[in-house]
Amino acid sequence: MYPITTAHYIALSAALLLIGTVGVLTRRNIVIILMSIELILNAVNINLVAFSQALHNLDGQIFAIFVITDAVAEAAVGLGILIALFRNKETVLADEVDLLKW
Amino acid sequence: MNFLDLIWLIPLFPLCGAVLMLLFGRLLDPQPPSTVAAAPGVEHTHDEHDHGHSHEHGHTHSHTHEHAHDHTHDHEHDHAHGHTHHRGSPLKVLISLLCPGMVLISFLLSAGAVLQLSNSPVKVHEVVQFRWLAGLPFHMMDGRLATFSADWGFLLDPLSAVMILVVTGIGFLIHVYSVGYMAHDNGFYRFFGYLNLFVFFMLMLVLANNYALLFVGWEGVGLCSYLLIGFYFQKKSAGDAGKKAFIVNRVGDAGFIMGMLLMFSLLGTVRFVSVNQALRGGQFHAETAGFGVLSAIAVLFFIGATGKSAQFPLYVWLPDAMEGPTPVSALIHAATMVTAGVYMVARSSALYQLTPSASTVVAAVGAFTAILAATIALVQNDIKRVLAYSTISQLGYMFLALGVGAYWVAVFHLFTHAFFKALLFLCSGSVIHSLGGEQDMRHMGALKDKIPITHWTMWVGSVAIAGIPGFAGFFSKDEILWQTYSSPSGSKVLWIIGLVTAGLTAFYMWRLMNMTFYGKSRVKPEVAAHIHESPPSMTVPLVTLAAGGVFAGWVGAPKLWNLPESFRGFEHWLEPAFRSAAIEASEQGAHDASTEWILMAVSVAVAIIGITVARYFYHHKPHIPDTLEKSLRPLHNLLYNKYYVDEAYDFFFVNGLGKGGGRALGAFDRNIIDGAVNGAGWLTRFSSRVSMWWDTWIVDGAVRFGSFTVKLLSYPVCILQTGRVQAYALAVIVGVLLFFGYFVAGK
């Protein structure tokens, strides 16, 4: 059995980041986009925690908790905007909301 | 009693009468309302034989008035209307006592004042009551500062003494005559109110001590003339005649005002005494050569005089003034008002002595008017119209005398003329009255025995105006002709004109006498039955005036006759007023006795020839005038239509200058004034269009071009901004990857 090393965590984190990024770019549904953003943030968290363990420094873990808090707030605001948007435009598709242009 | 200081009372009494009449007269002499509004002639359908001024004047007098002197057909009068105020009404008697009474008081006051003046060594008496006009100071011609001021003051000197006696004396007789003449008229009180007002203004005119106050009277008599000519205002021609008189007089008045102001700016005063002092003081020299300021003043004054005294070219109002009642014609248009111009020029004698060229104008216009009016009078058929032209002609004589420098002779002729012309007019009124309103001489004739008093008094008047020795007109007319001949400023041509006019005068007066009183009766049968002599209130003034027509001339008998000095009192009496002129003229006349005798004989001969020819034509051979008329048809038409002067004035002034000028002004208004406004409007619209085009294409264009340029340049950037969040995210990621790639791969 191979021990789980920092490299594994980073690989996982990179995979999550990639999945999240592709999700943000390719999915049309804003709910999915928000979920993908959560994936990206969690990829970062894993990265932080992994290095915190590897370096024996708690700063990374504390920072991860900040990120989780931040993600919660961001999800709340994002979903609020989404509901307001749906009430006005009856849509949750990101490419149909393109008014903010010249 | 010192009458000299009471001369201000003289005009006051007639003014009181006028104010009483015009304010309260209606209460004393109530007017039947129905007759005022009724159309002329309507009331005569049931009363064919009514004593008819109304046929003549077209007014409607109440025929319920009884004709006290005409009892024969009183029963024909319709009493059904039941008007209670007739001739005997006590209130009407009050009016007929009050108004003539006021003038009589004035006459007595005047006589007293004149008597005291003749006894006093100082022949000029001034009574100044108060400062009447006080204007702002202004610069006179020579640069000095003067204030235009005039007193309410009265001046009695020999000249105004003659005038007030004529105005009040003859005025009184005519008032008495009017009581009889107007007895059947509506507006009895109105008539006497106007008449008294007229006497007031005329007295103001002749008693004023300055030109400004004289002008008050001047305008006032013009006003009264208008009121009295238009007395029968229901008739259009009477109203028109009144307006004509007023307007024509206004033309002259303009000249008078300008002359007065010019005189003020030259001398700094309009007071007669000061003006005469300044002019005779030697600081002004006679304008023998050329035409200076003094001549301008003199000519302007004369223009004023031509209006009031009916001289060419402003005489046209006087014949039309015959529309008024006959006593008015006698009082205003023969004896007094028309003499205002003569009086004013005589009053300005000091001025005219310095201006020979202006005097020549006066003499020439006077002579021309005299002969012009006399020729017109030859063929007129209306008895009053003949007398009207005769008046114009005699006034021409007066101006001829003024023009040749014989001022006292002009006033002398004014004095005698006042008697015999008032007499003639009142006689013609009596004739008209007795014929029930007939004025056309072709419907008269053989009235000699039917109205004997009228006939004999008119005979005296005609003899007097014709210039038969012994009667008033002879003395003054002969003196005028002699002065015209002998005076240095006179001329033979003017004398011949005057002589011819004298012959014509004799002729037309005897034509009038023959057509009216002698020969065969041509009176319409329905009128003939009622011919009657006028009442005593009319005949007494006639006889009095006839006495004047005989004796008035004897105060100015020719020097030649070597009569006692009292027979030549008139010239001496006026000497203080005309001083240098009188002396100069009398010196001229002294040394040529034989010529004067010859001239006198010639003028008398001419008068007798005129009378004889007229008698021959119209009495013995009545067909001759008709033959002459037919053979000289164009000439007759020319004279009968008064040289077409009225038509010419209508053409040039009424239609030409009045209506044509109005039309021209209208066109000017429409085309030039409105055109300017419209043009300004059009210009504004045009410029606003240009401005709008400029705004749209140039200003807006520049702005829009700027924005277009920005838009064009920003287009490539704009296509990047899609509004899609994911596109931006992609760009961010690609950008991050590029950075990473660059830094990772580059290291």
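Among contacts in chain A between residues at least 6 apart in sequence, what percentage join residues at least 24 apart? In this predicted model, the share of such contacts that join residues at least 24 apart is 46%.

**View 1. Chain A as a helical chain.** The secondary structure of chain A consists of three helices and zero strands, and its order along the sequence reads α-α-α. Chain A is more spread out than a compact globule, because its radius of gyration of 17 Å is well over the 13 Å that the globule rule gives for 102 residues. The C-alpha trace of chain A spans about 50 × 30 × 25 Å along its principal axes, and 14% of the 102 residues of this chain count as buried.

**View 2. The contact between chains A and B.** Ten residues of chain B are in contact with ten residues of chain A. On the side of chain B that touches chain A, helix α28 (residues 725–746) of chain B supplies the largest share, five residues, and by class this side has five nonpolar, four polar and one charged residues.

**View 3. A:Asp98 and its contacts in chain B.** A:Asp98 lies in the segment after α3 (59–89) of chain A, where it counts as partly exposed, because it has 14 C-beta neighbours inside 10 Å. When residues up to four places away in sequence are not counted, A:Asp98 touches B:Thr722, B:Gly723 and B:Arg724.

View 4. Strand β1 (residues 125–139) of chain B is hardly covered, with one buried residue among its 15 residues. Eleven bridges join β1(B) to strand β2 (residues 145–156) of chain B, and the two strands run antiparallel; within this pairing, B:Ala134 has B:Ser149 in β2(B) as its bridge partner. The two strands form a hairpin with five residues between them, and B:Gly143 in the turn has a positive phi of about 95°.

**View 5. The largest nonpolar core.** In soluble globular proteins, nonpolar side chains tend to be buried together. The largest nonpolar core of this model has 210 residues, and those with the most contacts inside it are B:Phe198, B:Leu207, B:Leu402, B:Ala410, B:Val411 and B:Ala422. Helix α17 (residues 407–434) of chain B contributes the largest share of this core, 19 residues. B:Leu207, one of the residues with the most contacts inside the core, touches B:Ile7, B:Ile10, B:Pro11, B:Phe154, B:Leu155, B:Leu156, B:Ser160 and B:Ile164, not counting residues up to four places away in sequence.

Definitions and conventions. Residues numbered from 1 in each chain as written. Chains lettered and ligands numbered in written order. Predicted model: local features only at pLDDT ≥ 70, side-chain atom pairs only at ≥ 80, totals over all residues. Core = buried A, V, L, I, M, F, W, Y, C linked by C-beta atoms within 7 Å. Buried ≥ 20, exposed ≤ 12 C-beta atoms within 10 Å, placed from the backbone. Helix = DSSP H or I, 4+ residues; strand = E, 2+ residues; numbered from the N terminus. Contact = placed C-beta atoms within 7 Å. Rg over C-alpha atoms; globule rule 2.2 N^0.38 Å. Nonpolar A, V, L, I, M, F, W, Y, C, P; charged D, E, K, R; others polar. Pairing = 2+ DSSP bridges.
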